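Subject: Structure for you to look at

Hi,

Here is the structure I promised to pass on. Could you open it alongside this note and tell me what you think?

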Amino acid sequence: MQELTRDALLARAAELLENGTVDRVLGWKRGEFAYDVTPAVFKSADEMKESFVWGDFCGANFSKYLIAETKKSENKVLAFLKPCDTYSFNQLLTEHRFDREKVYAIGIPCDGMVDIAKIREKADGIASVDTNGDKLIVHTLFDGDVTLDRAEMLAERCTVCKSKKHVAYDELLGEEGDVVDSARFDEVAKIEAMTPDERFAFWQGELSRCIRCNACRDVCPACTCEKCVFNNPNSGVENKSPANSFEEQMFHIIRAFHVAGRCTDCGECSRVCPQHIPLHLLNRKFIKDIDSFYGEYQAGAEVGSRAPHINYTEGDIEPSDAVKRGDENA
Amino acid sequence: MHEINSNEFISKEKVSTETFSAEINSENKPYKPLIVAFCCNWCSYAGADLAGNNRLSYPADVKIIRVPCSCRVNPMFILRAFQRGADGVILCGCHPGDCHYTSGNYYTRRRMALLFSMLDYLGIERERTRVEWVSAAEGAKFAATMNDFAEKVAALGENKRLEDLRCKN
């Protein structure tokens, strides 16, 4: 259950709109279903009262939206940031992607977000989901109410949450948390322990489901080039089916490589993937390697830190040594 | 108009006979891997030159692509080479500290360490990729490296995991 209530956020946003600090609010809005929450811009307190939501399905990271939003007006925009969003926020500031002066950031604590895909495995015909303490009450169309353990239904990225601490905000609502000692590299280690054939089969199975919707690119707060090759309508990438699986693998390797060293591990790529491909495992592999080769580095932990890719030391690991580790799987 | 068409016809026929004879040969000849070597202009390319001047032999299937600096090589180049049918890709540059542009190969080293580790993570054979530092004075090292690399790649056989069928003739 989230520590703050919707009313608390509404009240604070209404105050700030009232006194003119901000003239619009970046918040979450109900989509087609109650669990289908989408980001939205609210212009007034009344608008917010009508459709603003805050709950267990508000996973969307607003940092990237600030790039477009801050360009629209000279006035400040209010953004609610969960701890993991603040890392992306800092990373974008490091890259000078938006004007800090035009944002009023409110840090809000997060108790983890629920993954609707996990609930779907347990219940059919979901009408709505209510949270009651550490239980989820799922109202279904045909089977009545189903009660589930909230902890078990958390999104994968939230079960291995790396930090409850806000690294950037103008104002904090609720209690400040701390950096968590998470087991987020366990999944990566599990794949590393496989044989090359198993690894290849695993990724072939996952990545061949890719339908090239580019949702992972669109949502990624690190992927913010103004002109992307995939936006070119004449490139022909979106109107053909893949000839074989490596096309997908190539896309995803390069996508992960482009954000390596800048990825804050917010996990949005996997959240939005309509094919449920665990894309964060590619990014996490880079983070794990960077940590072990060049020392611990958390992108976005502070503004202005130098990413490992644009840095070097004379005694860096040789590429041949980098892949020799754990040679038992060669 | 007619002439162009007939020329096209002739050239197509020629290609098909060539592929046919290549198929016959492939049954008799031992498999030879196609290797792409990215060599930096200032050290490794000169090293390859020296190997030639000294009459040191290395496999003819090593195709050298000259780049201004090893850090010119985008990870995409390496994947693209594989996609287009390379069986192994080797990247050669100046020794760390000797870069013509002071620090280019330091960046190469970081980038390739991460890329190769990622390819390994995706189950691509790790012997197919390599980074080797070859100076302009190391003709012998260049030839030895290429011989060794070609041998290792030949042992792995044809690259099936990374190829893209549309890119092959």
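Two residues are taken to be in contact if their C-beta atoms, placed from the backbone, lie within 7 Å. On that basis, 33 residues of chain B are in contact with 33 residues of chain A.

Before going further, a word on conventions. This is a predicted model, in which local features need pLDDT of at least 70 and side-chain atom pairs count only at pLDDT 80 or more, while totals for chains, interfaces and linings use all residues. Residues are numbered from 1 along each chain as its sequence is written, and chains are lettered from A and ligands numbered from 1 in the order in which they are written.

Back to the contact between the chains. On the chain B side, the elements that give two or more residues are α3 (75-83), α4 (104-121) and β4 (129-133); helices (H or I, at least four residues) and strands (E, at least two) are DSSP runs, numbered from the N terminus. The most comes from α4(B), with 14 residues. Sorted by class, this side of chain B has 17 nonpolar, 5 polar and 11 charged residues. Here Ala, Val, Leu, Ile, Met, Phe, Trp, Tyr, Cys and Pro count as nonpolar, Asp, Glu, Lys and Arg as charged, and the others, Gly among them, as polar.

Now chain B itself. Its secondary structure comes to 5 helices and 4 strands, which run α-β-α-β-α-β-α-β-α from the N terminus on. Strands β1 (residues 35-40) and β2 (residues 62-67) of chain B run parallel and are joined by 6 bridges; two strands pair if DSSP finds at least two bridges between them. Between β1(B) and β2(B) the chain passes through helix α2 (residues 44-53) of chain B, in a right-handed β-α-β crossover. Right-handed means that, with the strands pointing away from the viewer, the path from the first strand over the helix to the second runs clockwise. One bridge to look up is that of Ala37(B), whose partner in β2(B) is Ile64(B).

Of the 169 residues in chain B, 46% are buried. A residue is buried if 20 or more other C-beta atoms lie within 10 Å of its own, exposed if 12 or fewer, and partly exposed in between. Among contacts in chain B between residues at least 6 apart in sequence, 83% join residues at least 24 apart.

Leaving aside neighbours within four places in sequence, Ile35(B) is in contact with residues including Val62(B), Ile90(B), Phe149(B) and Val153(B).

Two backbone angles deserve a look. Asp265(A), a residue other than glycine, has a positive phi near 65°; Asp265(A) lies in the loop between α10 (246-259) and α11 (268-272) of chain A. Asp265(A) counts as buried because it has 22 C-beta neighbours inside 10 Å. Thr102(B) also has a positive phi, near 75°, and is found in the loop between β3 (88-93) and α4 of chain B. With 9 other C-beta atoms within 10 Å, Thr102(B) is exposed.

Do let me know how it looks to you.

Best wishes
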